[in-house]
Amino acid sequence: MVKIIGVKLTENSEGKSFVSLKLQGGAEAIQSQKTGKFYLTARNCYILSTFDKQTAESLVGTTMPGSIGRVFCDPYDYTVKSTGEVLSLSHSYQYKPEDTSASTVENFQGNPTVEYLS
């Protein structure tokens, strides 16, 4: 299950506004590469919607079946806000509906499929 935890209003390159919903998966234990200790975290991602902002905001707090999976993408730099450290990443997170039986999902533009990583 994933929970809708926020709403984001974004403008595309053509100046058209759209609403995205911020999703959060369940808590999971991750082992620190530096200390070896475990900590709890939750995966987050945004998903596009056709809702207006008011409708999207009314959905905050609700849950949906599915999970948030790690997917390969082109490498990009990410700056850790608390430390200023710049990391080069080649993955992002994407919502995966519960009823998706295949290990790959085609994206909205019909581009090559992405593989979900555990």
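Entry 1: I began with E1 and E2, which form a hairpin with 5 residues between them. In the turn I noted Gly-15, whose phi is positive, about 85°. I keep in mind that this is a predicted model.

**Entry 2: how the strands pair.** I looked up the pairing of E1, residues 2-11, with E2, residues 17-24. The two strands run antiparallel, and 8 bridges join them. I picked out Leu-9 and found its bridge partner in E2, Val-19. Next I followed E2 to strand E5, residues 44-48. That pairing is antiparallel too, over 5 bridges. Here Leu-21 has Ile-47 in E5 as its bridge partner.

**Entry 3: rings.** How many aromatic pairs does a search of the whole structure find? I got 0. I did find a charge over a ring: the charged end of Lys-8 sits over Tyr-46, 4.2 Å from the ring centre.

**Entry 4: the largest pocket.** I turned to the largest pocket, which holds about 1,200 Å³ of space. I listed 24 lining residues, and those closest to the pocket centre are Tyr-39, Tyr-78, Leu-87, His-91 and Tyr-93. Which strand gives the largest share of the lining? I noted E8, with 5 residues. Strands E3 (28-31), E4 (38-41), E7 (66-79) and E8 (86-97) each supply at least two lining residues. I then sorted the lining of this pocket by class: 9 residues are nonpolar, 9 are polar and 6 are charged.

Conventions: Residues numbered from 1 in each chain as written. Predicted model: local features only at pLDDT ≥ 70, side-chain atom pairs only at ≥ 80, totals over all residues. Heavy atoms only, no water. 1 Å grid on protein atoms, 1.4 Å probe; cavity = no way out; pocket = protein on both sides within 12 Å on 5 of 7 lines; lining within 4 Å. Points joined across faces, edges and corners; volume = space filled by probe spheres on them. Helix = DSSP H or I, 4+ residues; strand = E, 2+ residues; numbered from the N terminus. Nonpolar A, V, L, I, M, F, W, Y, C, P; charged D, E, K, R; others polar. Phe/Tyr/Trp six-rings, centres within 6.5 Å; stacked < 30°, edge-to-face > 60°. Lys NZ or Arg CZ within 6 Å of the ring centre and 35° of its normal. Pairing = 2+ DSSP bridges.
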